[in-house]
Structure formats: structure tokens, C-alpha cells
Amino acid sequence: MDQFMRINLERDINEITKLIKGYMTKTYIDELTREVSRCEDLCNNNRSKEVQLLEALTPFLPVEKRGLFEEVGKMLRYEQVADMILPKIAIPHQHDGMRQDSNEQFMQEIIIKVLLFKIMNTIEKR
């Protein structure tokens, strides 16, 4: 293979990740962090029935199984917060006067949720 045509996928993915992270931090992270904290407070005071059930069952589980239940509960809480925030920041479904492809919309929502989950995880570790 010609040395000019070599592709270093790992390097490129790492570089793309750094660019996206830098852009997102500079553009959105601070504002989203405040909104996530506000929504987390609301959700912690109004936990879903599923989260309440997991939390109620956890003390009755063997110690080695508790971590799994706690992680599932955390993911459900993250999902609840993300669902509250998503309508506020979701990308409009129209682009240049035409409806967006549902696959494209779905991908955008996944990217936003991944970003929100990362923010929530960071907040929780503080």
C-alpha cells in the first residue's frame, strides 16, 4: 500500500474525539451542566417507580449483586434526566424546509444522550 494512503483509524478516531470534546466543552458543557444539575434535583425528588423498586430491592440482594442493581438504577435516573432535557435542546426536525430523516434524528438524539450521560457521570463523581 502506498505510504500516503495508509489509514491510521485509531489515531484519527482519537483526534476526532478530542476535537468533538473540545468543541462541546467550549460551546455547551457549562450550560448543560447547570441544567443537568437542576433536572437531577427534580428527578431525585421524583424518582420513577422502577428506580424506587431497584433501590428497595438492593439491600436484600447478595453483596456481589448490589453493584449491578445500583448501576441499572443510575442508568434509569440518567435516562429520566435526559428525557427531561432532550426536548429543550433537541435539534429541530426540519432542515431546509424538509423533514429530517428519522434515522438522522435518532442518531442526533443518541449523541445528545451520550453527552448528557457523560455530564451526569462527571457531576456524580464530584
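Predicted model: local features only at pLDDT ≥ 70, side-chain atom pairs only at ≥ 80, totals over all residues.
User: What are the elements of the protein, from the N terminus on?

Analyst: They run α-α-α-β-β-α, with four helices and two strands in total. These are DSSP runs numbered from the N terminus (helices H or I, at least four residues; strands E, at least two).

User: At what angle do the axes of α1 and α4 cross?

Analyst: Two packed helices are described by the angle between their axes and the distance between the axes. Here α1 (residues 9-45) and α4 have axes that come within 9 Å and cross at roughly 65°. That makes α1 roughly perpendicular to α4 (under 35 degrees is roughly parallel, over 145 roughly antiparallel, 65 to 115 roughly perpendicular, the rest oblique). Axes are fitted to C-alpha atoms over the stretch in contact, with angles from 0 to 180 degrees between N-to-C directions. Among the α1 residues that meet α4 are Leu32 and Val36; contact means heavy atoms within 4.5 Å.

User: How do α3 and α4 cross?

Analyst: Their axes come within 9 Å and cross at roughly 125°, so α3 and α4 are oblique to each other. α3 passes α4 in a right-handed crossing. The residues of α3 that meet α4 include Tyr78 and Leu86, and those on the α4 side include Phe117 and Met120.

User: How many aromatic pairs does the count give?

Analyst: A pair of aromatic rings is described by the distance of the centres and the angle of the planes. Rings of Phe, Tyr and Trp (its six-membered ring) pair if their centres lie within 6.5 Å; planes under 30 degrees apart are stacked, over 60 edge-to-face, the rest tilted. The count comes to one aromatic pair. The rings of Tyr78 and Phe117 have centres 5.7 Å apart and planes at 55°, so the pair is tilted. Tyr78 sits in α3 (residues 63-89) and Phe117 in α4 (residues 102-125), 39 residues apart.

User: Is Tyr78 buried or exposed?

Analyst: Tyr78 is buried, with a relative accessible area of 3% (buried is under 20%, exposed over 50%, partly exposed in between; 1.4 Å probe, protein chains only).

Conventions:
Residues numbered from 1 in each chain as written. Heavy atoms only, no water. Left-handed = near helix turned anticlockwise from the far one by under 90°.
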